[in-house]
Number of protein chains: 4
Amino acid sequence: MNFASDNVYGIHPKILAAIEAANQGTTPSYGYDDYSKRAEDKLSEVFEKEVRAFLVTTGTAANGLALSALTPSYGAVFTHNEAHSAIDECNSPEMFTGGAKIIGLEGVEGKLTPPIIEKVLKGFLRGEHDPKPAALSITNSTELGRVYKPDEIKALSTVAKSRKMKFHTDGARFANAVAALGVKPADITWKAGIDVMSFGGTKNGGMLLEAVVFFDTALAEDFLYRRMRGGQLISKSRFLGTQMLAYLEGGLWLDNARIANGLAQRLAKGLLQSNRIRIPLPVEANEIFAVMPLALHDKLLAAGAHFHQWGLDILGRDGIAEDEVFCRFVLSFATPEADVDRFLSLVKQG
Amino acid sequence: MNFASDNVYGIHPKILAAIEAANQGTTPSYGYDDYSKRAEDKLSEVFEKEVRAFLVTTGTAANGLALSALTPSYGAVFTHNEAHSAIDECNSPEMFTGGAKIIGLEGVEGKLTPPIIEKVLKGFLRGEHDPKPAALSITNSTELGRVYKPDEIKALSTVAKSRKMKFHTDGARFANAVAALGVKPADITWKAGIDVMSFGGTKNGGMLLEAVVFFDTALAEDFLYRRMRGGQLISKSRFLGTQMLAYLEGGLWLDNARIANGLAQRLAKGLLQSNRIRIPLPVEANEIFAVMPLALHDKLLAAGAHFHQWGLDILGRDGIAEDEVFCRFVLSFATPEADVDRFLSLVKQG
Amino acid sequence: MNFASDNVYGIHPKILAAIEAANQGTTPSYGYDDYSKRAEDKLSEVFEKEVRAFLVTTGTAANGLALSALTPSYGAVFTHNEAHSAIDECNSPEMFTGGAKIIGLEGVEGKLTPPIIEKVLKGFLRGEHDPKPAALSITNSTELGRVYKPDEIKALSTVAKSRKMKFHTDGARFANAVAALGVKPADITWKAGIDVMSFGGTKNGGMLLEAVVFFDTALAEDFLYRRMRGGQLISKSRFLGTQMLAYLEGGLWLDNARIANGLAQRLAKGLLQSNRIRIPLPVEANEIFAVMPLALHDKLLAAGAHFHQWGLDILGRDGIAEDEVFCRFVLSFATPEADVDRFLSLVKQG
Amino acid sequence: MNFASDNVYGIHPKILAAIEAANQGTTPSYGYDDYSKRAEDKLSEVFEKEVRAFLVTTGTAANGLALSALTPSYGAVFTHNEAHSAIDECNSPEMFTGGAKIIGLEGVEGKLTPPIIEKVLKGFLRGEHDPKPAALSITNSTELGRVYKPDEIKALSTVAKSRKMKFHTDGARFANAVAALGVKPADITWKAGIDVMSFGGTKNGGMLLEAVVFFDTALAEDFLYRRMRGGQLISKSRFLGTQMLAYLEGGLWLDNARIANGLAQRLAKGLLQSNRIRIPLPVEANEIFAVMPLALHDKLLAAGAHFHQWGLDILGRDGIAEDEVFCRFVLSFATPEADVDRFLSLVKQG
């Protein structure tokens with residue numbers, strides 16, 4: 001019963017098979033292999049637009065490198081205060097961008113809204129004493145398991161563009177958002193104003209499966225230099241390309257996401273049947289945040305379940321009692337359904 | 001017939017099998033898995049000393065992160081002018097170190113010597129107008145296929161330590177050096193004064209198989225932060241750990257290196273039988289640098305051989321005629337012996 | 001009637017005279033002149049402790065360079081959300097520190113308190129996914145005109161030291177704090193736990209008169225390199241040294257501050273006599289923040305007064321009506337008393 | 001008898017008077033004062049072109065900030081190996097540019113030539129493994145006292161532009177070059193292909209008198225942010241503006257340079273009358289490099305003369321005997337002619 005994260009699970013068999021299949025003969029290295037090229041083409045197909053795509057090894061690097069193409073060192077990037085780029089990457093965006101300021105904003109129910117952005121931008125009217133507003137970044141699905149809809153993204157884009165800011169989306173769990181919304185990938189990216197994205201597949205079946213995808217391909221100029229400088233150009237690049245191809249082939253990525261999202265609904269539904277557990281935010285993707293009694297929490301851990309306590313700031317000061325804890329559950333395509341059911345029966349026993 | 005690089009070949013079957021074997025169940029992510037821990041222990045065993053080892057995804061990142069632990073932003077790192085850190089990593093060491101100066105020095109027959117370091121240090125006596133001499137870095141085996149012997153390294157260490165500089169070795173082809181010298185890994189690392197190394201296995205059978213290994217473990221303090229900030233902490237870290245375990249298990253790493261080195265000797269010997277080809281530097285590891293007539297070069301490529309021309313600076317201004325080219329050949333554990341022989345017969349036909 | 005800032009006034013005559021007096025003959029350059037050395041000695045005398053002091057040209061550089069000695073690139077610096085280092089220096093601390101995260105915290109009535117620091121530190125328990133808590137920085141007197149007392153600083157120091165964090169004070173208006181409290185310089189610096197400070201004199205009579213002063217002199221090791229790298233080592237350094245000597249000589253710095261503080265009290269007292277003006281924060285140094293009707297504000301500007309509107313965040317969402325504005329007034333040693341009185345009579349006329 | 005540097009002398013009386021004159025009343029701070037604006041206008045007049053000019057406090061900062069507008073972090077800047085940006089600024093260009101690589105090239109008789117640049121660029125054909133060639137920088141007059149003529153600069157510009165590189169000139173001693181050549185300032189800047197310059201006046205009579213001047217004004221976009229972030233925006237900016245105005249007014253800057261250059265000719269001529277002294281490079285501006293017997297050197301120092309020994313690399317390995325030293329002499333507008341004559345008589349006495 002491991003709900004600690006989707007990355008505690010391994011590689012999807014089809015992706016592992018693709019790694020094995022690519023292990024034949026020689027190929028050019030450092031990104032000049034055919035797999036990498038085909039992966040870029042496949043992403044263009046998936047997004048219904050000619051994109052530039054660059055494979056990298058971690059989501060942290062994808063975010064930092066993507067932002068480095070959007071902001072100068074004297075710029076500001078606005079993001080949610082629970083976004084990975086704001087609080088989970090140990091100054092990595094600062095490193096890749098050469099010291100840009102990453103400003104984490106408090107959202108409304110786990111998401112940014114146009115008024116939030118407009119309000120903060122009012123403080124950026126003094127010229128060079130402030131950093132220059134350069135980019136907006138949202139995570140979809142968010143770190144709190146919420147999903148931005150096409151219209152919400154368009155509205156944020158309008159605000160960003162009104163100040164000539166670029167727009168980035170962290171898609172570490174992008175497949176979960178697409179699956180949850182039942183939209184096309186284009187609908188919540190370039191058609192809604194996104195300029196560049198971090199396209200993540202590691203959490204959803206890959207081994208190391210991350211790409212920076214440019215919809216505004218002019219921004220990709222010199223990105224080869226950025227990736228190399230970032231220590232992210234791997235020599236045996238075919239093994240990243242082949243993962244991406246297998247991930248996208250036949251819609252595996254969305255199939256996996258649908259399974260994970262479905263398990264999250266199953267778990268959430270079961271948890272809510274217990275009157276001792278509250279779920280303050282809507283469950284839309286593959287993550288659940290729940291408040292439960294400390295005693296129950298301890299009992300579940302003792303029974304072998306794995307899940308993390310979460311910082312309290314999401315709920316503010318008064319959302320939780322002294323004898324309660326706030327917890328996160330993440331579901332993977334590989335989470336056994338039986339584990340969900342066993343966990344729910346433990347909850348029921350209380 | 002691909003001699004372009006050792007990284008045009010794939011993953012060694014035993015390492016691929018280890019990836020498959022690790023793809024079971026759940027493990028903690030972000031470096032807290034058991035494979036990563038065991039990989040560190042195994043490296044301690046191999047080096048006969050308790051080391052701290054941190055798995056990363058590229059040699060470029062390993063070098064940059066290792067140097068970041070050795071030099072402040074206002075420091076200077078001395079290295080060979082053909083070293084990857086000097087000319088092959090697109091300002092990546094500058095990024096990781098926060099802007100330290102990487103000073104590439106001309107070597108003697110492809111290696112640095114104590115007088116070279118002493119000479120340059122004489123220019124660093126003016127205080128803060130110069131950067132602070134902080135570290136010395138050598139590659140072993142070198143980018144020119146040479147090998148530093150234990151005594152040579154000790155002599156360099158003495159110079160470095162006399163100015164309180166730290167000592168790094170780039171071991172992108174470390175196994176080839178150990179195999180060539182017939183020494184123990186400790187003999188050309190910590191016993192010779194090396195403080196930290198980039199331990200590379202990708203070129204020698206891994207998929208992404210790189211580690212920063214600290215012999216002076218005090219320098220590893222806070223390295224977890226550095227790796228994370230560097231975008232180099234992968235979530236499914238078990239798949240790096242398992243590669244390292246398989247690579248070291250039963251001496252696979254040295255077996256592979258011995259094969260590659262042996263093929264290099266076979267190829268070099270054959271080439272020298274042609275009086276139209278000169279090999280200006282001793283062939284000690286798995287790389288050969290050769291001067292050949294342009295006409296022969298073209299004919300070999302036309303016959304399907306792959307190998308790179310190299311910059312002329314190694315030989316200086318007068319080492320090569322107008323109708324000659326300077327070429328590099330790299331041998332891998334996976335290079336078919338038949339390819340070597342076929343290539344040599346092409347050379348013989350001229 | 002210029003209350004826009006204390007830096008709209010010029011150089012104190014005694015300091016200008018010192019510049020003239022130093023303009024004789026030749027001196028060593030780049031900080032090796034006698035004036036710079038004597039300035040350091042004089043600061044040691046003023047602080048009753050042997051300090052290391054480094055003259056620089058701007059307060060922004062002083063802050064950035066000071067923090068660069070306290071935090072690694074993967075560190076976090078905690079400061080007030082109105083502090084210059086947080087919001088007024090266009091990513092300059094990020095540049096000097098190599099990308100450390102500067103975290104601006106909401107204070108209580110314009111100051112940080114131990115519970116605020118303790119609360120935020122609770123979020124820094126996850127290891128390398130967060131930056132490493134490295135330093136605490138307070139401004140004294142604060143950007144909101146408040147003054148930290150010795151015991152308040154000691155209490156903050158206790159929290160900082162409990163997490164092995166260093167403690168910096170931005171003293172852009174340090175003289176105003178010392179004068180306001182009637183304490184000795186040591187009482188609100190090293191005796192209260194401050195490790196390093198930005199000692200500013202530009203706003204209080206200098207031309208360019210800023211220094212980084214180390215109380216923990218071990219932290220000053222290599223600071224010469226930092227200053228040079230920071231572009232802050234001026235060649236004709238005698239002209240910084242002589243300013244500092246004149247500024248400290250005979251207590252000019254405190255005399256100036258007492259005048260400015262006194263004028264602030266005079267202005268504040270007068271403003272409060274108008275029932276149309278509110279002053280939400282205690283006036284302790286040489287700055288006043290006041291809420292006034294927009295109509296009055298416009299009338300005062302039309303009459304030739306200069307002062308700035310201020311961001312609303314200090315007062316939160318409900319501190320101010322639609323037809324009101326929030327304004328800042330800064331008093332200088334050079335502000336004519338007659339200007340204060342004339343301004344107050346304009347206010348009275350309403 | 002102080003020939004150690006031109007910066008061991010003080011402020012020219014007219015510039016000091018201008019500082020005093022500006023010390024009246026209040027002015028806007030942080031570069032929004034009228035003096036700064038007029039200084040920019042005056043520079044446009046001097047250069048016969050509308051420029052953008054930004055006052056800063058040191059030549060090091062001017063160079064670093066100027067280069068930061070010309071190169072990305074993944075770029076390379078080519079310069080002479082005796083240039084300040086290459087060897088005299090302790091990684092400051094690396095800081096301001098975010099880690100660009102500054103490549104110091106060996107010149108011919110103290111200057112760069114088109115073939116030197118063309119040769120090194122041949123090594124930059126491999127794509128992203130190298131940094132991207134971004135800018136060329138020359139110092140005029142050079143650190144070795146040479147002067148680039150208009151045609152020489154144009155020829156270098158042609159090479160730079162052929163690779164889309166920007167062209168910077170470090171004008172720390174620009175007045176000396178203009179005076180030596182008898183050209184107009186435009187002739188050796190924008191008319192010869194220079195895009196941006198560091199315009200230095202500190203060595204030639206200023207207190208802190210440095211500006212970044214953009215001839216390609218499109219490159220100045222956002223430079224206000226760069227200067228602020230660089231810690232180089234001073235609050236009482238009028239005192240920089242007034243210096244620049246006085247420096248340029250009535251051609252003071254060129255008058256001073258002519259005096260210094262003339263004194264250098266006088267000293268060089270005298271030195272050459274001694275058959276014990278050699279001057280290997282032409283004396284064109286206000287610096288002289290000379291080889292003299294160690295015994296003479298010691299005697300001159302003992303007699304109270306100040307001048308520096310210089311690194312030997314300029315002359316290569318065989319330019320100097322064991323009992324000789326290589327020395328630099330710098331002349332200032334303020335160097336007493338009597339000091340030159342007294343020094344020459346000491347030399348004559350041997």
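Colleague: How many residues does the contact take from chain D and from chain C?

Modeller: This is a predicted model. Contact here means heavy atoms within 4.5 Å. By that cut-off, chain D gives 45 residues and chain C gives 45 residues.

Colleague: Which residues of chain D lose the most area to chain C?

Modeller: About 3,800 Å² is buried between chain D and chain C. Carbon and sulfur atoms give 61% of that area. Three residues together make up 18% of what the chain D side buries: Met95(D), Arg229(D) and Lys236(D).

Colleague: How many residue pairs are in polar contact across the interface of chain D and chain C?

Modeller: Salt bridges between chain D and chain C number zero. Polar contacts do occur, with both residues at pLDDT 80 or more. The number of such pairs is 23.

Colleague: Is Glu324(D) buried or exposed?

Modeller: Glu324(D) lies in strand β10 of chain D and forms a salt bridge with Arg278(D). Arg278(D) is partly exposed, at 36% relative accessible area. Buried means under 20%. Glu324(D) has 18%, so the residue is buried.

Colleague: Which helices of chain D does the salt bridge of Glu337(D) and Arg266(D) tie together?

Modeller: The closest N and O atoms of Glu337(D) and Arg266(D) are 3.3 Å apart. The two residues are 71 apart in sequence. Glu337(D) sits in one helix and Arg266(D) in another, so the pair ties together α13 and α11.

Colleague: What ipTM does the predictor give the complex?

Modeller: Chain A has a mean pLDDT of 96, and 98% of its residues reach 70 or more. For the complex, the pTM is 0.97. The ipTM is 0.97.

Note on methods. Residues numbered from 1 in each chain as written. Chains lettered and ligands numbered in written order. Predicted model: local features only at pLDDT ≥ 70, side-chain atom pairs only at ≥ 80, totals over all residues. Heavy atoms only, no water. Buried area = accessible area lost by both parts, 1.4 Å probe. Salt bridge = Lys/Arg side-chain N within 4 Å of Asp/Glu carboxyl O. Polar contact = N/O pair within 3.5 Å; in protein donor to acceptor, adjacent residues only side chain to side chain. pLDDT = per-residue confidence, 0-100. Helix = DSSP H or I, 4+ residues; strand = E, 2+ residues; numbered from the N terminus. Buried < 20%, exposed > 50% of the residue type's maximum accessible area, 1.4 Å probe, protein only.
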